[in-house]
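The following exercises are to be worked with the sequence and the coordinates at hand. Each task is followed by a solution in steps.

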Amino acid sequence: MIRTILTYPNSELKKKSAPITIITDPIRQLVHDMAETMYAAPGVGLAAPQIGAHQRVVVIDISGKNEPPDLIVAINPVIVHAEGEAYEEEGCLSVPDYAANVRRYARVIVKALDLEGIERTWKAEDLLAIAFQHEIDHLEGILFVDHLSALKRELFQRKARKAAEEKR
Ligand code: NI
């Protein structure tokens, strides 16, 4: 089922997500919905809190094919190593109509459980490394705009307020 993606400044996006202790049918359903929602958007990544579920799971697919073969499901993901520097433009399904460059690590090693509960390790670089960092941030209640300089963030907030007023 395609779920509604919460958008800035919804306070649900600022909450920390809890670890998943056991992979139950509701968790499998959540992951299924997350993948469907991400592909429909379309987007390259989605974290559970973006659809209001505060559980530590993210889905990522940077293939651009919008089909499951390249889908990454990462449950309780942890960055165990990070190195190098990246400064690429990012967007977010929860921050529509806005993009900005963000400082990230260029390469990360991520450990997580897959949907079968098996521990997996991803050695990620470039777009995949950025996607992991962006999505894991969501689990901490952090959006990419939180990484911007004070001045840039102020400009973003002004733009967001204006857009909200225009919608009214
Ligand atoms: Ni995002």
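**Exercise 1.** Determine whether serine 17 is buried or exposed, and list its contacts.

*Solution.* Step 1: locate the residue; serine 17 lies in the segment that precedes H1. Helices (H or I, at least four residues) and strands (E, at least two) are DSSP runs, numbered from the N terminus. Step 2: apply the cut-offs; buried means under 20% relative accessible area, exposed over 50%, and partly exposed in between (1.4 Å probe, protein chains only). Serine 17 has 6% relative accessibility and therefore counts as buried. Step 3: list the contacts, defined as heavy atoms within 4.5 Å. Not counting residues up to four places away in sequence, serine 17 touches Pro49, Ala53, His54, Gln55, Arg56 and Leu139.

The model is predicted: local features need pLDDT of at least 70, side-chain atom pairs count only at pLDDT 80 or more, and totals for chains, interfaces and linings use all residues. Residues are numbered from 1 along each chain as its sequence is written, and side-chain values use heavy atoms, with hydrogens and water left out.

**Exercise 2.** Describe the packing of helix H1 (residues 25-40).

*Solution.* Step 1: the buried residues of H1 include Ile27, Leu30, Met34 and Met38. Step 2: the buried residues of this helix pack against strands E1 (45-47), E2 (57-60) and E3 (72-83).

**Exercise 3.** Which residues are the protein donors of the nickel ion, and how are they spaced along the chain?

*Solution.* Step 1: donors are N, O and S atoms within 2.8 Å of the metal (3.2 Å for Na, K and Ca); water is not among the atoms, so sites may look incomplete. Step 2: Cys92 (SG), His134 (NE2) and His138 (NE2) are the protein donors, at 2.1 to 2.2 Å from the nickel ion. Step 3: their spacing along the chain is C-x41-H-x3-H. Step 4: histidine 134 and histidine 138 are four residues apart in helix H2 (residues 126-139), and therefore about one helical turn separates them. Both histidine 134 and histidine 138 are buried.

Key
Expected span 1.5 Å × (residues − 1).
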